[in-house]
Amino acid sequence: MAKKITAVVKLQLNAGKATPGPPVGSTLGPHGINIAAFTKEFNEKTQKDVGLVIPVIITIYQDHSFTFVLKTPPAPVLIKKACGLQSGSAVPNKTKVAKITKEQLKQIAEQKMPDLNAANLESAMSMIAGTARSMGVTVEE
C-alpha cells in the first residue's frame, strides 16, 4: 500500500548551500522530518549547480519520511547569470540594464524546457524573452 502524504512543501534554496536553519528548518521542522538528512541529500544532488537558486518540491509522508523533486532554476536567475547581472532594472520600460542574444535565450529555453508548458522550443524562447524584457534586458535580434 502507498504511504499517506501529510504535506507537500515548496522551497527555493541555494544549490549546494542548504542549512538546517531558516528557511529549511522553520518550514520542515513542524512536519517532523529529519532536517539534517534533507539538507545533506539536497546539497549532494545540487553540488554541480552552486551559485543558482533551485526550486524543490518536498513530499512528506505520515511516517515522517520524505522525497523531493528538484526543478530547473527560475528564468530570471538564469537570465541574470547569462548577462552577468546582480539584479534586473527597477524601471524595465525605461532603464535597460543588459542585452541577451538569441543563442543565450535558446540555451536558457532548452534548460527550462522540462518545467515550461511550452509546446516547442520557439514558444519557450518567447516566454524567456518576455521574462528578460520585464527585467530590463534587451533581446538582440
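Analyst: The accessible surface of the protein chain comes to about 8200 Å², and carbon and sulfur atoms hold 53% of that surface. Accessible areas come from the Shrake-Rupley method with a 1.4 Å probe, and for residues only the protein chains shown count as cover. This is a predicted model, in which local features need pLDDT of at least 70 and side-chain atom pairs count only at pLDDT 80 or more, while totals for chains, interfaces and linings use all residues. Residues are numbered from 1 along each chain as its sequence is written, and side-chain values use heavy atoms, with hydrogens and water left out.

Next, the charges. The protein chain carries 17 positive and 10 negative side chains, where Lys and Arg count as positive, Asp and Glu count as negative, and His and the chain ends are not counted. The centres of the two sets lie 6 Å apart, with each charge placed at NZ of Lys, CZ of Arg, CG of Asp or CD of Glu. Side chains of opposite charge can pair when their charged atoms come close.

The structure holds 5 salt bridges; a salt bridge is a side-chain nitrogen of Lys or Arg within 4 Å of a carboxyl oxygen of Asp or Glu. One of them joins E41 and K45, at 3.9 Å from N to O. Both residues lie in helix α2 (residues 35–45), 4 residues apart, about one turn of the helix. Helices (H or I, at least four residues) and strands (E, at least two) are DSSP runs, numbered from the N terminus. E41 counts as partly exposed because its relative accessibility is 32%; K45, at 43%, is also partly exposed. Buried means under 20% relative accessible area, exposed over 50%, and partly exposed in between (1.4 Å probe, protein chains only).

Another salt bridge pairs D49 with K48, the closest N and O atoms being 3.6 Å apart. D49 is partly exposed because its relative accessibility is 23%, whereas K48 has a relative accessible area of 70% and is therefore exposed.

D115 and K71 also meet in a salt bridge, at 4.0 Å from N to O. This pair links distant parts of the chain, 44 residues apart: D115 is in the loop between α4 (102–112) and α5 (121–134), and K71 is in the loop between β3 and α3 (75–83). D115 is partly exposed at 30% relative accessibility, and K71 is partly exposed at 32%.
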